[in-house]
Amino acid sequence: MKNILYLSALVALAACGKSDETAPTAVLTANGVPAPAEAEAQAGGTLEVVLQLTDDEALGAYRLDLHGAGGHSHEGADAEFVLTSGGDDWAALEVADAAGVEAQITHSYAIPDHIRGHWHLLLDATDATGNEATTAYMEVHVENDIIPLFEVPYTAEPVWAAGTEQALEGTVSDPEGLISAFARLLTEDELLLTEVEIGLTEGDVSADLSSVTFSVPSDAAGSELEVELEATDAAGNACVTSFHVEVE
Ligand SMILES: [Zn+2]
């Protein structure tokens, strides 16, 4: 629904009354990688986005949309299980006119220090008549060497049975040493059910998440729970990430 509204806005921006029936083309490149391949980026660095727009008669407008990948997917793409930190903290939206039959436009985005995971980048374009280019879509994978790293072996949202005890799997690590780490179980409505502090000895560079055991409420069948993970390293850099669990 969101995308349909955005497209309508783009069409409304374009002028009418011409006979151009050929759609424009929109080519999207991020950090040197052309869509639909996945672009690689580093927290604390930049994402350099280049748009190449062409039309046989006259370009109209374009819309470039960068947003966190959490909780949804786009047509033709499968939602991957990826632990994302700061998914809502980095986003950009550019809507602007384009002129001529060919335009190359560059946008450079600073990537925050505290984010990690997958983002979506989409480019839509219209010509002056309102014909729409095929959406160019790619994922941007942000690596982070600054904040602690949580790694879990899940390839999809885990499914837990109501009324059982469930141990987490995975690790948390940081080359500078961890000073604190927490795992929390929350309801769909963000109500805290359990908080477990992960035992650390000063100087630990990693810890196993299997020391964390949660009691899955017996009345939670059919709902979703959220596991929130938080760790801080010796330099004060913090990572907060989370994933959903289905309860049966
Ligand atoms: Zn998206």
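**Entry 1: a pair of strands**

I started with two strands, E3 and E9, and found them paired in the parallel sense over 4 bridges. Looking for one of the partners, I saw that alanine 41 has valine 142 in E9 as its bridge partner. I kept in mind that I am reading a predicted model.

**Entry 2: the other neighbour of E9**

Next I looked at strand E8 (residues 117-127), which runs antiparallel to E9 and is joined to E9 by 7 bridges. Here I picked out tryptophan 119, whose bridge partner in E9 is valine 140.

**Entry 3: the two faces of E9**

Which residues of strand E9 (residues 136-143) are on the covered face, and which on the uncovered one? I listed Ala136, Met138, Val140 and Val142 as covered. Tyr137, Glu139, His141 and Glu143 went into my uncovered list. A reminder to myself: side chains in a regular strand alternate between the two faces of the sheet.

**Entry 4: the core**

Val140 turned up again when I checked the largest nonpolar core, which has 55 residues. Together with Ala26, Tyr62 and Val172, Val140 touches the most other members. Where does this core lie? I found that it lies between domain 1 (2-143) and domain 2 (149-247), because both give residues to it.

Leaving out residues up to four places away in sequence, tyrosine 62 touches Ala26, Leu51, Leu53, Ala96, Ala98, Leu123, Asp124 and Ala125.

**Entry 5: the two domains**

The domain assignment gives residues 2-143 to domain 1 and residues 149-247 to domain 2. Taken over C-alpha atoms, their centres are 33 Å apart.

**Entry 6: the whole chain**

I stepped back to look at the chain as a whole. I wrote down 1 helix and 19 strands for its secondary structure. Along the principal axes, the C-alpha atoms fill a box of roughly 70 × 40 × 25 Å. Of the 248 residues, 32% are buried. I also looked at contacts between residues at least 6 apart in sequence, and 75% of these join residues at least 24 apart.

**Entry 7: loops with something to note**

My first stop was proline 36, in the loop between strand E2 (33-34) and strand E3 (39-42). The peptide bond leading from alanine 35 to proline 36 is cis, with omega near 10 degrees.

Asparagine 31 sits in the loop between strand E1 (25-30) and E2. This residue is not a glycine, yet its phi is positive, about 45 degrees. Why does asparagine 31 count as partly exposed? It has 16 C-beta neighbours inside 10 Å, and the partly exposed class falls between 12 or fewer for exposed and 20 or more for buried.

Glutamate 190 also has a positive phi, near 65 degrees. I found glutamate 190 in the loop between strand E14 (178-187) and strand E15 (192-197). Is glutamate 190 buried or exposed? With 8 other C-beta atoms within 10 Å, glutamate 190 is exposed.

My last stop was threonine 164, in the loop between strand E11 (159-160) and strand E12 (165-167). Threonine 164 is exposed, as 11 other C-beta atoms lie within 10 Å. I also checked its C-alpha atom against that of leucine 186, which is 22 residues apart along the chain, and found a separation of 16 Å.

Conventions. Residues numbered from 1 in each chain as written. Predicted model: local features only at pLDDT ≥ 70, side-chain atom pairs only at ≥ 80, totals over all residues. Domains from an automatic or database assignment. Core = buried A, V, L, I, M, F, W, Y, C linked by C-beta atoms within 7 Å. Contact = placed C-beta atoms within 7 Å. Pairing = 2+ DSSP bridges.
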